[in-house]
Amino acid sequence: MIPRHLAATVDRAATQYPVVSVNGPRQSGKTTLLRRTFPRHHYVSLESPDERAFALEDPRGFLGRFDGPVILDEAQRAPDLFSYIQTIVDAEPAPGRFLLSGSRNFLLLRSISQSLAGRVRLARLLPFSLAELTRREAPAVGDLLAGGTRKPAPAGAWTDHAVRGFYPRIHDLGLDPGEWLAQYFQTYLERDVRDLTQVGDLEAFGRFVRLCAGRAGGLLNLSSLGNDCGVSHDTARRWLSVLEASYVTFLLRPYHRSFNKRLRKRPKLYFVDTGLLCWLLRIRDAEQLASHAARGAVFENLVIAEALKAGCNAGEPPELHHLRDQRGNEIDLVVETPQGPHLVEIKSGETVGGDFFKGIAHWRSLAGPAVPATLVYGGTESYVRNGVDVRAWRDWA
């Protein structure tokens, strides 16, 4: 069993807050994390029809069964419980009294915001990070930006990791990723999508998700996306919100600071897991990815997703942005730190060329040469060049 970096964050939160909520995509390991970290807690899953019926019909009696702290799995399945939990923790605010998990972000957060604001600590568990797979200590985003060589390094090529993906069951059980991801996606369509929104045509929605995969790493254009799928702009927006709420995709917002340039205001679209992204693109092995037209986009997605995981695991979701002006000058990733912005350029090539620094040089000419910058690339050596921290992908994780 591979230890999860979020465990320390959740364990600490349970000593400070009466309610701790862990949300994240289905099959990201939320139940395993909570049960292993808190083995003495009662456990009940609201996926069970009997338990869910009990919770919905008699919330007070359902919660009254437990004479100590309890883990409520898939808590958003019984939203009326949250008002009763509020009453209990207001009367007895013992830390760690209720641990909640959920895989449907907006349903869980809506219930929490209505009943448990100020009483709950939120945490997000995403699929494995590269650091977790190599049993390294948990890095914060600042650690990723700090530079240096990290040991042990992930074995194999980055393409191997990207195609395999990071869902725990694939790694824990040694499953074939293509077969598992196919079942995962089908289950997602048949269960989560039907529960989250009234999608009348699941085939059209599945086609929409594949079109999103083809646009990963690009500026989001909902009108174009809707037209290609044969749905309206509003439907495309609603369907994209479903993908975000169920942790299939995430958006990288444009950087907000003015550089006396007209900046693009559109977000960029990424997938939480590159394995699912590759499966949707019909990329089945590392060799195919190495020569695929989407190679650069998948590598960029991998690097940015690692930064997102590092922040979430540390309990501090990072401020991640992209930067692009009307002339196409861009920075793939801008990380907002207490010291200011940190520029990150991402290139899948294994040999560093002078043109790799073009974007950093352009934005440094506007923001100042002292702005810290990192170049993450697909090669194997890490060093400093032209004042830029050049980082092999293995040393980014």
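Predicted model: local features only at pLDDT ≥ 70, side-chain atom pairs only at ≥ 80, totals over all residues.
Which helix gives the largest share of the lining of the second largest cavity? I started my notebook with that one, and the answer is H17, with 4 residues.

**Entry 1: the cavities**

I searched the whole structure and got 2 cavities of 30 Å³ or more. I looked up the second largest cavity, and its volume is about 40 Å³. Its lining is made of Leu 130, Phe 299, Leu 302, Val 303, Glu 306, Trp 393, Trp 396 and Ala 397. I sorted these by class and got 7 nonpolar, no polar and 1 charged.

Then I went to the largest cavity, which holds about 40 Å³ of space. Around it I found His 5, Ser 129, Ala 131, Pro 139, Leu 144, Glu 306, Lys 309, Ala 310, Asn 313, Trp 396 and Ala 397. Helix H17, residues 295-313, turned up here too, giving the largest share of the lining with 4 residues. The class count came out as 6 nonpolar, 3 polar and 2 charged.

I checked a few names against both lists. Glu 306, Trp 396 and Ala 397 line the largest cavity, and these residues also line the second largest cavity.

**Entry 2: the largest pocket**

Next I moved on to pockets. The largest pocket has about 540 Å³ of space. It is lined by 25 residues, and Ser 28, Gly 29, Lys 30, Thr 31 and Thr 32 are the closest to its centre. I wanted to know which elements build the lining. Helix H2 (30-37), strand E2 (42-45) and helix H10 (168-172) each put in at least two residues. H2 gives the most, with 6 residues. By class, I wrote down 9 nonpolar, 7 polar and 9 charged.

**Entry 3: the second largest pocket**

I found about 340 Å³ of space in the second largest pocket. Out of its 15 lining residues, Arg 124, Glu 244, Phe 250, Leu 251 and Leu 308 sit closest to the centre. Strand E6, residues 249-254, supplies the largest share of this lining, 5 residues. The split by class is 10 nonpolar, 2 polar and 3 charged.

Last, I picked out Asn 23, which is in strand E1 (residues 19-23). Is Asn 23 buried or exposed? Its relative accessible area is 5%, and the cut-off for buried is under 20%, so Asn 23 counts as buried. I also looked up how far Asn 23 is from Phe 62, which is 39 residues away along the chain. Their C-alpha atoms are separated by 22 Å.

Technical notes. Residues numbered from 1 in each chain as written. Heavy atoms only, no water. 1 Å grid on protein atoms, 1.4 Å probe; cavity = no way out; pocket = protein on both sides within 12 Å on 5 of 7 lines; lining within 4 Å. Points joined across faces, edges and corners; volume = space filled by probe spheres on them. Nonpolar A, V, L, I, M, F, W, Y, C, P; charged D, E, K, R; others polar. Buried < 20%, exposed > 50% of the residue type's maximum accessible area, 1.4 Å probe, protein only.
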